[in-house]
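Student: Could you walk me through this one while I have it open? I'd like to start with how the strands line up.

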Amino acid sequence: MRIKVITFTISMLAFSISVFCQNQSQQPTTAQEPKKPMEKMDNFVVDLGYEMLMFENKPAGLDFKPWNNGMSFYLLYDRPIMSSNFAIAIGGGISSQSYYSNSQIRRVGNEETEDYSTFQKLPDSVDYRNNKVALTYLDIPLELRYRSNEDKRGHRWKFTIGFKAGLQFDVHDKLVIDNSRKDKYKTYIFPDLYEFRYGAYFRAGYGKVGLNAYYGLSPLFNEGHGPEATQLSFGVTITPF
């Protein structure tokens with residue numbers, strides 16, 4: 001499944017770039033001037049996403065709410081490749097994902113080991129407003145970028161394929177009880193979660209706005225210490241400068 005997703009993403013990027021390269025080559029030129037290197041751009045990237053977890057075997061009773069969300073902020077060094085429309089970018093940043101559900105990650109053990117965690121459904125007797133688990137990572141992204149020449153409006157079409165790896169900076173859950181005091185309970189210790197994450201992503205946009213998709217290639221839990229789950233997100237990208 002992961003190989004198919006990556007292959008599809010790369011194919012779509014290659015097809016999109018070839019179409020735009022063909023359009024650019026068909027535009028008439030008035031003077032044979034040496035082509036100048038592409039200017040550096042998109043040094044600050046904001047990704048806003050809708051977050052999902054994909055399970056091989058979904059834990060019993062787990063039900064996610066429809067407002068799972070995430071955001072990422074990256075500073076990147078953009079390096080144009082000579083005088084082409086391609087560039088390479090590398091940088092760093094922080095990302096956070098919040099998953100709202102009716103369950104909490106708890107160590108419950110199984111037949112093979114006591115060090116096993118899963119999403120455990122909250123008792124029906126617990127009346128709550130919100131319940132979420134939030135994961136924060138320090139990421140290092142590496143990107144291959146393509147952008148078209150400027151059109152009459154001064155904007156460009158942009159396509160990016162990238163890979164990022166991150167270290168878990170913070171993880172906690174928060175349960176808000178539905179009472180007059182709105183009592184809050186937080187947990188910060190999750191020993192069976194995988195401390196690293198890595199995955200591939202794709203962006204397509206026009207001007208300073210675009211769409212993005214991320215597919216995680218790393219597990220959510222340490223191998224054998226939790227259900228097999230993969231992070232997936234879709235969203236909007238903003239590149240103010």
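Student: What stands opposite Leu211 in E11?

Tutor: Leu211 stands opposite Val236 in E11; strands here are DSSP runs labelled E of at least two residues, helices are runs labelled H or I of at least four residues, and both are numbered from the N terminus. Keep in mind that this is a predicted model, in which local features need pLDDT of at least 70 and side-chain atom pairs count only at pLDDT 80 or more, while totals for chains, interfaces and linings use all residues. Residues are numbered from 1 along each chain as its sequence is written, and side-chain values use heavy atoms, with hydrogens and water left out.

Student: How many bridges join E10 to E11?

Tutor: There are 7 bridges between E10 and strand E11 (residues 229-238), and the two run antiparallel; two strands pair if DSSP finds at least two bridges between them.

Student: And which residue in E10 is the bridge partner of Ala204?

Tutor: That is Leu211, the residue that stands opposite Val236 in E11. Strand E9 (residues 196-206) and strand E10 (residues 209-216) are antiparallel and joined by 8 bridges, and their hairpin has 2 residues between the strands, with Gly207 taking a positive phi near 70°.

Student: Switching topic, which residues touch the most other members of the largest nonpolar core?

Tutor: Phe119, Leu193 and Leu220 do, in a core of 16 residues. A nonpolar core is a set of buried Ala, Val, Leu, Ile, Met, Phe, Trp, Tyr and Cys residues joined through side-chain atoms within 4.5 Å, where buried means under 20% relative accessible area, exposed over 50% and partly exposed in between, with a 1.4 Å probe and protein chains only. E1 and strand E6 (128-147) are the elements that give two or more residues to this core, and E6 gives the most, with 3 residues.

Student: What does Leu220 touch?

Tutor: Not counting residues up to four places away in sequence, Leu220 touches Leu53, Phe119, Leu135, Leu193, Tyr194 and Ala229, a contact being heavy atoms within 4.5 Å.

Student: Where is Lys182 found?

Tutor: Lys182 is found in the loop between strand E7 (157-177) and strand E8 (184-187); its phi is also positive, near 50°, and Lys182 is partly exposed, with a relative accessible area of 41%.
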